[in-house]
Amino acid sequence: MKNSKANAGEGGIKKSDKIPSARFSVSIPSHLLDNLDQMVKEKGYGNRSQAIADMIRTQLVEHRQSTGDREIAGTITLVYDHHKPHLQEMLTAMQHDHHEVIISTLHVHLDHYHCLEVLVVRGKSKDIKKMADNLTTAKGVKHGRLSITTTAKDIL
Ligand code: NI
């Protein structure tokens, strides 16, 4: 197949030994392109193509969160007051209930009252979201957040 000349690839797509590159042409408002180039420069990307590939991956990871049977990886961060009656026991029990998707945990005693807990999780999107909802909405949890990334199997 012949490669067509493409504006989006002006920065040059580096040929990789393993992953073949594809070129495509896009039309966007010129001010958007100016802003993109400014961001590419500020963030230190080698070229425009790298930045666009990163943005596509980010969007794909986000999109796949919405399809329940996909395997995803991520972290659940919780901040809570361990003096709150029964809270720690309940959080621990919840984690035992979901031991198959919790790969690792980190517990930090922030101060006299507060604990920071980070759970590294991997599993089906719908299971992880449900578990994260249960943990982050538990009474006494002052801040909770699920951050989803990819297992990298089909996205690189
Ligand atoms: Ni603690």
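Residues are numbered from 1 along each chain as its sequence is written.

**Whole chain**

Colour the chain by pLDDT, the predictor's confidence in each residue, from 0 to 100. The mean pLDDT of the protein chain is 85, and 85% of its residues reach 70 or more. Now select residues 1-13, where the pLDDT is below 50. Beyond near neighbours in sequence, this stretch has 22 contacts in the model; two residues are in contact if their C-beta atoms, placed from the backbone, lie within 7 Å. Where pLDDT is low, the predicted coordinates should not be read in detail.

Switch to a cartoon view. The protein chain has four helices and four strands, and from the N terminus on its elements run α-α-β-α-β-β-α-β.

**The sheet**

Select the four strands together. They form an open sheet with the order E2-E3-E1-E4 and antiparallel pairing. Strand E2 (102-109) and strand E4 (141-149) are the edge strands, each pairing on one side only. From one strand to the next, the twist averages 15 degrees. Two strands pair if DSSP finds at least two bridges between them.

Go through the pairs in turn. E1 and E3 run antiparallel and are joined by 11 bridges. In E3, Arg122 is the bridge partner of Ala73, and Lys124 is that of Glu71. E1 and E4 pair in the antiparallel sense over eight bridges; here Ala73 stands opposite Thr149 in E4. E2 and E3 pair in the antiparallel sense over seven bridges, and His109 stands opposite Cys115 in E3. A hairpin joins E2 to E3 through four residues.

**Two faces of E1**

Show the side chains of E1. Which residues point to one face and are buried? They are Ile72, Gly74, Ile76, Leu78 and Tyr80. A residue is buried if 20 or more other C-beta atoms lie within 10 Å of its own, exposed if 12 or fewer, and partly exposed in between; C-beta atoms are placed from the backbone.

**The core**

Select Ile72, Ile76, Leu78, Tyr80, Leu91, Leu119, Val121, Ile128, Met131, Ala132 and Leu135: these 11 residues make up the largest nonpolar core. Strand E1 (71-81), strand E3 (114-124) and helix H4 (125-136) each supply at least two residues of this core. A nonpolar core is a set of buried Ala, Val, Leu, Ile, Met, Phe, Trp, Tyr and Cys residues joined through C-beta atoms within 7 Å. Now pick out Met131, which is in contact with His98 and Val101, leaving aside its neighbours within four places in sequence.

**Three single residues**

Select Glu117 in strand E3. Is Glu117 buried or exposed? Glu117 counts as buried because 21 C-beta neighbours lie inside 10 Å. Not counting residues up to four places away in sequence, Glu117 touches Leu78, Thr105, Leu106 and His107.

Next is Leu146 in strand E4. Leu146 has 18 C-beta neighbours inside 10 Å, so it counts as partly exposed. Leaving aside neighbours within four places in sequence, the contacts of Leu146 are Gly74, Ile76, Lys129, Ala132 and Thr136.

End at His86, in the loop between E1 and helix H3 (87-97). His86 is not a glycine, yet has a positive phi of about 70 degrees. His86 is exposed, with 10 other C-beta atoms within 10 Å.

Methods
Predicted model: local features only at pLDDT ≥ 70, side-chain atom pairs only at ≥ 80, totals over all residues. Axes fitted to C-alpha atoms, helices over the stretch in contact; angles between N-to-C directions.
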